[in-house]
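Look over the sequence and the fold before reading the notes.

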Amino acid sequence: MKKVEQSIKEFISETIRTIPDFPKKGIQFKDITTLLQDKRALELTSYMLAQPFQNKSVDFVVGLESRGFLFGTNLAQDLNAGFVPVRKPGKLPAKTLSETYALEYGEDAVEIHHDAIFEGAKVIIHDDLIATGGTASAASKLIQRLGGEVIGYSFIIELSFLNGRELLIQNVPVESIIIE
């Protein structure tokens, strides 16, 4: 099975294009729109994201704005869970909680509806990519403030050289299909 999983990961990786110097010089942007266009890659990515969390009694998948919404809803459906969006400030219509996090030059914030997660809920945080880990870490804090328990992190791509895992909750599984 490991050999099959490895070939699936390689196939998925080959469907993702890298755009050099986007959005600024020196960045190698991972563009998943090409993955989304390939129906087999789309199906296999959804399958690979769900596998580590089968039989984990997940209550919610929290998708991070905005590419985390693309597979987050599929992941929630595959795990028989609800889906909760975490968005940039001012994008959610009801009362929210906000969490600020550091950027390379400055800071940003994310928000969640104040009633999105119930006390004791088991939550998976999903995004297309983890780089420095700031957004996923901020989402973790929001979930904890609402009384939820983060039981896993789910990413399509992990840029390991940026050490994003270090900001995440220790001893919580981090599942990435592609690690670069």
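Helices (H or I, at least four residues) and strands (E, at least two) are DSSP runs, numbered from the N terminus. The model is predicted: local features need pLDDT of at least 70, side-chain atom pairs count only at pLDDT 80 or more, and totals for chains, interfaces and linings use all residues. Residues are numbered from 1 along each chain as its sequence is written, and side-chain values use heavy atoms, with hydrogens and water left out.

**Backbone exceptions**

- Most residues other than glycine have a negative phi, and most peptide bonds are trans.
- Serine 66 sits in the loop between β3 and α4. The peptide bond leading from glutamate 65 to serine 66 is cis, with omega near -15 degrees.
- A cis peptide bond also runs from phenylalanine 22 to proline 23, with omega near 0 degrees. Proline 23 belongs to the loop between β1 (17–20) and β2.
- Aspartate 21 lies in the loop between β1 and β2. Its phi is positive, near 60 degrees.
- Aspartate 21 counts as partly exposed because its relative accessibility is 39%. The scale is relative accessible area: buried is under 20%, exposed is over 50%, and partly exposed is in between (1.4 Å probe, protein chains only).
- Asparagine 55 has a positive phi near 60 degrees. It is placed in the loop between α3 and β3, and at 79% relative accessible area it is exposed.
- Asparagine 80 follows α4 and has a positive phi, near 55 degrees.

**Helix α4**

- Which residues of helix α4 are buried? In this helix (residues 68–78) they are Gly68, Phe71, Gly72, Leu75 and Ala76.
- Seen down the axis of α4, these buried residues fall within an arc of 145 degrees, so they line one face of the helix. The arc is taken from the directions that run from the helix axis to the C-beta atoms.
- The buried residues of α4 pack against α2 (33–37), α3 (39–50), β3 (60–64), β4 (82–86), β7 (122–130) and β8. Contact here means heavy atoms within 4.5 Å.

- Glycine 152 is part of strand β8 (residues 149–158). Its relative accessibility is 0%, so it counts as buried.
- Leaving out residues up to four places away in sequence, glycine 152 touches Phe53, Val123, Ile124, Ile125, Val172 and Pro173.
- Is glutamate 158 buried or exposed? At 6% relative accessibility, it counts as buried.
- The side chain of glutamate 158 makes a polar contact with the side chain of arginine 165, at 2.7 Å. Another, also of 2.7 Å, joins the side chains of glutamate 158 and serine 176.
- A polar contact is a pair of N or O atoms within 3.5 Å; within protein, one must be able to donate a hydrogen and the other to accept it, and residues adjacent in sequence count only if both atoms are side-chain atoms.
- Beyond four places in sequence, the residues that glutamate 158 touches include Ile130, Val174, Ile178, Ile179 and Glu180.

**Pockets**

- A pocket is an open set of points on a 1 Å grid over the protein atoms alone, where a 1.4 Å probe fits, with protein on both sides within 12 Å along at least five of seven lines; lining residues have an atom within 4 Å of a point.
- The largest pocket holds about 1200 Å³ of space. Grid points are joined across faces, edges and corners, and a volume is the space filled by probe spheres set on the points.
- The largest pocket has 34 lining residues, and Ile27, Leu129, Ala131, Thr132 and Leu162 lie nearest its centre. Elements giving two or more residues to this lining are β2 (28–31), β5 (96–103), β7 and α5 (134–145).
- β7 gives the most to the lining of the largest pocket, with 4 residues.
- The second largest pocket has a volume of about 200 Å³. Its lining has 15 residues, of which Lys9, Met48, Pro52, Glu175 and Ser176 lie nearest the centre.
- β9 gives the most to the lining of the second largest pocket, with 5 residues.
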